[in-house]
Amino acid sequence: MTEKILDIQDLRLNFYTYEGVVQALDGVNLSLRKGETLGVVGETGCGKSVTGLSVLVLVPPPGRIEGGKIVICEKGKLVDMLSEEEDTLRKIRGKHVSMVFQDPRSALNPVYTAGDQIIEVLLRHRRKALALKAIEQLDRQIQQEKAPSAKTQEQKEKKEEKKTPKENAGFLANYYRKRLKRYLKHPKALDIRVSGKIPILRGWKRLIKEEAKKKAVNMLKIMRIPDPERVVGMYPHELSGGMAQRVVIAIALACSPEILIADEPTTNLDVTVQLQILNLIKELKEEFDSSIIYVTHDMGVVAEMSDRVAVMYAGNVVEISAVLQTFRKPLHPYTQALLESIPRHGFPFKSIEGTVPSLIDPPKGCRFHDRCHYAMDLCTREKPRLVEAEEDHFVQCFLYQPVG
């Protein structure tokens, strides 16, 4: 797992509020390798969620990305998300990069069924593949409708005189098949656009949607949802918290994205459902061959889910290492304090002294220096760089880099 599928370089993001400018991200550097799960952990307000939203270039106002690069590997081609037009970004979102949001109730549209919201993603990114499936279905239908033996001339003449409903259905099947093939070759042709709007002629579009609905039902089956044929027609308010979260995951994975960002997807669920969702995400990662950024504040979840861990504090990534290395030998004073604050049998409980700083007026230099036992005068004046202190173990602290 050495190939980078996502590379975030010096990402800076501000929120412009009436109280002042919130410096939410202050030069974030992060990478995701193909096939791995990267855990992003830190206290509330450290910038975990907005980092995930920045990857999709979906930062809500009054937020604004002020600098940096977000480079993804899209089918072997490098794409800087921050330099692309909105039309290009819409083609990437949901297809190559998807996000599972923290609160499924907020993520799902209350006036559309679960199936409609999965179908929307499929129609956006998989319409041509669905059209091919519809053609295959029509081919089978046409073959079944053909008589097993050759018809006599007399039967042919009678056929011309009076067509049966079955034969009319056969005519429509052939018409729809031609329309679908035409659509695959020239999706923006005038005749395709016209026939797609006239009720008596647009049945070929209905066939595409029917194939999308089959795919939606199958996605719900993959999500281990009982009776998916019924659930596909249910509205969000009719679903339990665990089922709603599974629907959100189904939407995110519908087009088999290379990168999945999971923003604390188990926060509002009870512990038994949390375990089910965590196990499901691990299974789906292998099934869909996705790379995952798992955002959480729970170190136990990090230990269970992650291959590598990025620790964030006040808009900075302060440490990145393999998950076992993080727990066995944390280097940054904040990571050490974070692990010491976890209740453990036989060890005294230690809380992190002080409070998370206001990002409207953050501390100068290292943003952790006013809570750090190892703080030096230099820490109050200069910001340390993220350096490789040990093999594949990066830390942003003057204790592990040459000064001067």
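Lysine 221 has a relative accessible area of 46% and is therefore partly exposed, a class lying between buried (under 20% relative accessible area) and exposed (over 50%), with a 1.4 Å probe and protein chains only. Lysine 221 forms a salt bridge with glutamate 229, with 3.9 Å between the closest N and O atoms; a salt bridge is defined as a side-chain nitrogen of Lys or Arg within 4 Å of a carboxyl oxygen of Asp or Glu. Glutamate 229, at 47% relative accessibility, also counts as partly exposed. Elsewhere, salt bridges with shared partners link Asp10, Arg12, Asp26, Arg367 and Lys383 into one network.

The model is predicted, and local features need pLDDT of at least 70, side-chain atom pairs count only at pLDDT 80 or more, and totals for chains, interfaces and linings use all residues. Residues are numbered from 1 along each chain as its sequence is written, and side-chain values use heavy atoms, with hydrogens and water left out.

The protein chain contains 15 helices and twelve strands, where helices (H or I, at least four residues) and strands (E, at least two) are DSSP runs numbered from the N terminus. Of the 404 residues in the protein chain, 48% are buried. The C-alpha trace spans about 100 × 45 × 45 Å along its principal axes. The radius of gyration of the protein chain is 27 Å, whereas a compact globule of 404 residues would have one near 22 Å; the radius is taken over C-alpha atoms, and the globule rule is 2.2 Å times the number of residues to the power 0.38.

Helix 9 consists of 20 residues and extends 29 Å from its first C-alpha to its last, close to the expected 28 Å, the expected span being 1.5 Å times one less than the number of residues. Its buried residues include Trp204, Leu207, Ile208, Val217 and Leu220. Glutamate 211 is likewise buried, with a relative accessible area of 11%, and forms a salt bridge with lysine 214 in which the closest N and O atoms are 3.2 Å apart. Both residues lie in helix 9, three residues apart, or about one turn of the helix. Lysine 214 counts as partly exposed at 46% relative accessibility. Just after helix 9, arginine 224 adopts a positive phi of about 65°.

The loop between helix 8 (190–195) and helix 9 (203–222) holds isoleucine 200, which counts as exposed because its relative accessibility is 69%. Together with Leu190, Val194 and Ile198, Ile200 makes a nonpolar surface patch of about 390 Å². Patches are made of residues with over 30% relative accessible area and no salt bridge, like charges being joined within 9 Å and nonpolar side chains (Val, Leu, Ile, Met, Phe, Trp, Tyr) within 5 Å; accessible areas come from the Shrake-Rupley method with a 1.4 Å probe, and for residues only the protein chains shown count as cover. Aspartate 191 forms a salt bridge with arginine 182 (3.1 Å, N to O). Aspartate 191 is partly exposed at 29% relative accessibility, as is arginine 182 at 31%.

The structure holds 23 salt bridges.

Strand 11 (residues 386–390) and strand 12 (residues 393–396) run antiparallel and are joined by four bridges; two strands pair if DSSP finds at least two bridges between them. Valine 387 has valine 395 of strand 12 as its bridge partner. Two residues lie between the strands of this hairpin, in which aspartate 392 takes a positive phi near 60°.
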